[in-house]
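The questions below ask what stands behind each one.

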Amino acid sequence: MTDASAQPTHPPPSGNAPTTPPRRAAATRAIAAATIGNALEFFDLALYALMAAHIGRTFFPDGDPGIQLIQTFAVFGITYLVRPIGGLVLGSYADRRGRKNALMLSIRLMVLGTLLMAAMPGYATLGPVAPLGIVLARLVQGFAAGGEFGAATSFLVERNNRRKGFYGSFQFAGQGLATLTAAGFATALTATLSDAQMTAWGWRIPFVFGLLVGPVGYLVRRYVEESPATAQEPAAHQGTEKSSPTTEKTSPIRLVFRHHWRGLLIASGSVVVSTGLNYCLQYLPTFGIKELGLDESLSFTALLVTGVILTLGTPVMGLLTDRFGRLRIMVPAAALIGLSAVPLFIWLTRAPSFLTLALCMTVLGLLKAAYVGALPSVMSDAFPAEARATGLAFSYNTTVALFGGFTPTIATTLVTATGSRISPSYYLLAVSALSIAALVGGCRIRGIR
């Protein structure tokens, strides 16, 4: 399998001390560019899940709160179907025109979607046009997020081949920061505003914040150095074409589907449990509020704990996987996610309290950090540099569309249909088994360790 490290675009270090600070500064800027922009994009996506009850009342007229919530989460899931398209378009753009250009384009699109969410009048004002406007906003956000993962992950792991786990881990640390920020807004707003105020205008405040932060993320990305794998595109492509004639004049999309479909299976399978768990964690505060009768602001506070763990713990785990091996940490973590889900849900439903919810989410957050610390680097190794962003974007976003975007809808429907409040845990058990199969089977066959 082709690896970006096999085609260096820089001369080896000369050993002179003065070269170290600039390289460290460049690496720091690269991490900041990928993490800040990535956090902003996933912040907007997380907000929709956290504000679902209030968004439902604003844009869906049904009087039944349960039906209202299902409709809102259905929009959350349906718009994820556009993410694989965004992944192919923007991922291919990143492989052809550079990671940096794709990252700047994706953040501009996300700001547009955020503007629509923040400014769209409700059903009482626009009637049926209002929910259609929200669907449009979610489509734009989904398309932008579709290209974000492939470009940002490639941008990070290509910085240092020997520390791919650490650098790549900031992809999910950025998502943890997004969860932390979104949960912080949800906690503060629900603690200070009444339920009527939250529905009338309070839920829009975090989206306005996203609009203010968007230009900052764009400027950081604009002035960062390009990835080494694409900074000297002609030289890199010449080397690639000599070693792999099939890549000549072949688009990244065609290259991925013709010659790297096994990589798609490995990358997609490995991300299934992370995706399911991520959206399950976002759903748990709503579960605590609607099913267990917990206080709204306290339920969102529990998600703050998870956000801190993912933001700080994921890079630590990425560093450890560079030292001890990626599969040695990821496989046990995936197994524990599946095995702990059912007992944790049983405990939560039998002893519903803020402390129980917080402890359950802490355990799941720690296991997620252990699993995703090396996940971006494992997925990246499944594709060659000239098609890496495309392969990563499509595999990740297809999995998110199938196993992530509909997770809140599936969880809510399972509880409603079965009457069992622990039924969402069986979903986590199933997806953990799929990811273990991908890791143990696919990665070892391809030599990814």
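**Labels and their cut-offs**

Q: Why does F170 count as buried?
A: F170 has 16% relative accessibility. Buried means under 20% relative accessible area, exposed means over 50%, and partly exposed lies in between (1.4 Å probe, protein chains only). At 16%, F170 therefore falls in the buried class.

Q: What kind of model is this, and which pLDDT do its features need?
A: This is a predicted model: local features need pLDDT of at least 70, side-chain atom pairs count only at pLDDT 80 or more, and totals for chains, interfaces and linings use all residues. Residues are numbered from 1 along each chain as its sequence is written, and side-chain values use heavy atoms, with hydrogens and water left out.

Q: How many helices and strands does the protein chain have?
A: The chain has 21 helices and zero strands. Both are DSSP runs, numbered from the N terminus: helices are H or I with at least four residues, strands are E with at least two. Of the chain's 449 residues, 59% count as buried.

Q: How many aromatic pairs does a search of the whole structure find?
A: The search finds 10. One of them joins F166 and F170, with ring centres 5.2 Å apart and planes at 85 degrees.

Q: What makes the pair of F166 and F170 edge-to-face?
A: Rings of Phe, Tyr and Trp (its six-membered ring) pair if their centres lie within 6.5 Å; planes under 30 degrees apart count as stacked, over 60 as edge-to-face and the rest as tilted. The centres of F166 and F170 are 5.2 Å apart, so they pair, and their planes stand at 85 degrees, so the pair is edge-to-face. F166 is buried too, at 17% relative accessible area.

Q: How many residues apart are F166 and F170 in helix α8?
A: They are four residues apart in α8 (residues 164–192), which means about one helical turn separates them.

Q: Where does α8 bend?
A: It bends at Q171, by about 30 degrees. The bend at a residue is the angle between axes fitted to the seven residues ending there and the seven starting there.

Q: How do you know that the span of helix α16 agrees with its 24 residues?
A: The 24 residues of α16 (residues 327–350) should span 34 Å, and the end C-alpha atoms are 35 Å apart, so the two agree. A kink of about 35 degrees lies at S340 in α16, shortly before the proline P343.

Q: Which charged end sits over the ring of Y48?
A: That of R138, 4.5 Å from the ring centre. A charge sits over a ring if NZ of Lys or CZ of Arg is within 6 Å of the ring centre and within 35 degrees of the ring normal. R159 sits over the ring of F155 in this sense, with its charged end 4.5 Å from the centre.

Q: Which residues touch the most other members of the largest nonpolar core?
A: L284 and Y371, in a core of 99 residues. Helix α14 (residues 261–290) gives the most to this core, with 12 residues. Apart from it lies another core, of 18 residues, including F155 and Y167. A nonpolar core is a set of buried Ala, Val, Leu, Ile, Met, Phe, Trp, Tyr and Cys residues joined through side-chain atoms within 4.5 Å.

Q: What does F287 touch?
A: Contact means heavy atoms within 4.5 Å. Not counting residues up to four places away in sequence, F287 touches L292, F345, L348, T349, V415 and R421. F287 lies in helix α14 and is buried, with a relative accessible area of 0%.

Q: Why is V89 called partly exposed?
A: V89 has a relative accessible area of 43%, so it belongs to the partly exposed class. Its place is in helix α4 (residues 83–97).

Q: Is T321 buried or exposed?
A: T321 is buried, because its relative accessible area is 3%. T321 is found in helix α15 (residues 296–324). T321 and K164 are 157 residues apart in sequence and 9.2 Å apart in space, C-alpha to C-alpha.

Note on methods
Expected span 1.5 Å × (residues − 1).
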